[in-house]
Amino acid sequence: MNPLRWLAGRFPTLALARRNLSRATLRSALAITAVVIGVVAIGAIGTGGEAFKQDQLEAYEGFGGTATVEPDIKFEDGNLTNTELSDGDIDRIRQAAGSATVLPVHEPAGSFVQTQSGTLLFMAQVKGLENPGEFYEARNGTIPDNWRRTVVIGSRIADQNDLEPGDRLRVNVTDEFDRSFEIAAVLEPQGFSAPLGADQTVFVPASQFESDGYEQAIVRVDTTTGSVDAATQAIEREFNAREQFVRVEQVQEQREQFTEFFGTVNQFLIGVGAISLLVAAVTIANTMLMAAIERESEIGVLRAYGYPKRAVVSLLVAESTILGVVGAAIGAPLALGIGMAVNQLLLGDPFAFTAAGLRYVGIGVVFGVVTALVAGLYPAWKAANKRPVEALD
């Protein structure tokens with residue numbers, strides 16, 4: 001048996017609704033397109049946002065036992081106080097942190113980096129470390145244990161400027177030094193969440209700095225033998241017993257803050273995408289109103305022959321619902337296709353959908369169908385409540 005005939009026999013209202021929509025093909029296509037846009041907007045933003053969040057959160061995985069210690073900056077009489085950690089402060093941090101690795105960091109305010117050809121690396125940061133090998137691994141070259149006249153650079157700087165071990169960089173730090181260094185190593189990519197922004201940093205030996213103060217210290221705990229919570233609490237007790245002297249923050253806490261923040265941003269973007277479904281609702285309502293006006297005489301004849309109001313409402317609502325279902329059926333695969341492209345770009349796997357990402361596609365489909373159904377209620381109610389005599393005039 002022909003499936004369409006079987007469907008028409010079982011659900012005559014749907015069959016009649018499909019026939020009526022086919023009488024105004026262009027108008028129906030425009031209404032369906034509006035639904036498609038809304039479903040794609042919600043689904044694609046949701047899946048793409050989840051892929052981006054997943055990509056960024058993976059960057060935190062290697063820093064679960066890491067915390068940062070910075071001086072708590074205060075103003076006294078309009079002047080900044082407590083802007084650096086001294087050597088004595090670093091010793092106290094090491095004693096409080098026990099077996100944890102403590103890495104003091106110079107972060108000069110004014111600096112610039114140039115290649116041998118004179119190209120200025122605008123985005124490069126300069127930071128001073130005692131031994132970067134305690135914290136990072138090299139992708140190319142070797143991180144020297146005892147370095148004096150070489151630098152170690154982040155992967156992004158190397159990739160963007162075609163730099164490799166053996167090349168030279170000129171590093172200028174205001175009121176400190178202006179020298180040429182050989183690149184000893186390029187670090188493994190760390191991701192944006194690395195506490196020192198390593199991918200975009202040029203690390204120079206701490207011995208190059210005349211200043212004894214440090215802008216921060218990185219604390220890393222081997223989580224198999226220790227606890228970063230215990231280490232941070234011990235540092236807090238050591239420095240902040242009477243008043244806040246330092247700020248201690250675990251990278252894991254930063255991860256949670258990022259998750260919460262990005263979730264809010266993603267919800268906002270999806271809300272913006274949902275506005276397109278409001279446009280779809282207006283389009284469908286207009287389509288159904290026009291259809292009802294054009295078929296006033298037809299509806300009037302049906303009502304005169306005893307066709308009940310409920311049947312008229314069911315017919316027009318069925319038409320609007322079909323528009324929503326068809327739009328959702330087209331929009332969902334398109335949203336998934338866009339999500340697959342984003343997954344491939346960010347995660348290297350087109351099928352790396354999260355449950356939350358797929359849920360957004362489902363939300364888009366449901367909203368598309370429900371929006372179309374609701375948009376058809378008023379035109380259907382208005383057509384059903386018009387007196388047959390008025391409709392036949």
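Mentor: What follows describes the patch, with a few words on the chain around it. This is a predicted model, in which local features need pLDDT of at least 70 and side-chain atom pairs count only at pLDDT 80 or more, while totals for chains, interfaces and linings use all residues. Residues are numbered from 1 along each chain as its sequence is written, and side-chain values use heavy atoms, with hydrogens and water left out.

The protein chain has 12 helices and 13 strands (DSSP runs numbered from the N terminus, H or I of at least four residues for helices and E of at least two for strands). Of its 393 residues, 44% count as buried, that is, under 20% relative accessible area, with exposed meaning over 50% and partly exposed in between (1.4 Å probe, protein chains only).

The nonpolar patch consists of Ile 363, Val 366, Phe 367, Val 370, Leu 373, Val 374 and Leu 377, which together have about 550 Å² of accessible area (Shrake-Rupley method, 1.4 Å probe, with only the protein chains shown counting as cover for residues). Such a patch joins nonpolar side chains (Val, Leu, Ile, Met, Phe, Trp, Tyr) within 5 Å, from residues with over 30% relative accessible area and no salt bridge, a salt bridge being a side-chain nitrogen of Lys or Arg within 4 Å of a carboxyl oxygen of Asp or Glu. Helix α10, residues 355–375, gives the largest share of the patch, 6 residues. Val 374 lies in helix α10, and Val 374 is partly exposed, with a relative accessible area of 47%.

Notes: Patches are made of residues with over 30% relative accessible area and no salt bridge: like charges are joined within 9 Å, nonpolar side chains (Val, Leu, Ile, Met, Phe, Trp, Tyr) within 5 Å.
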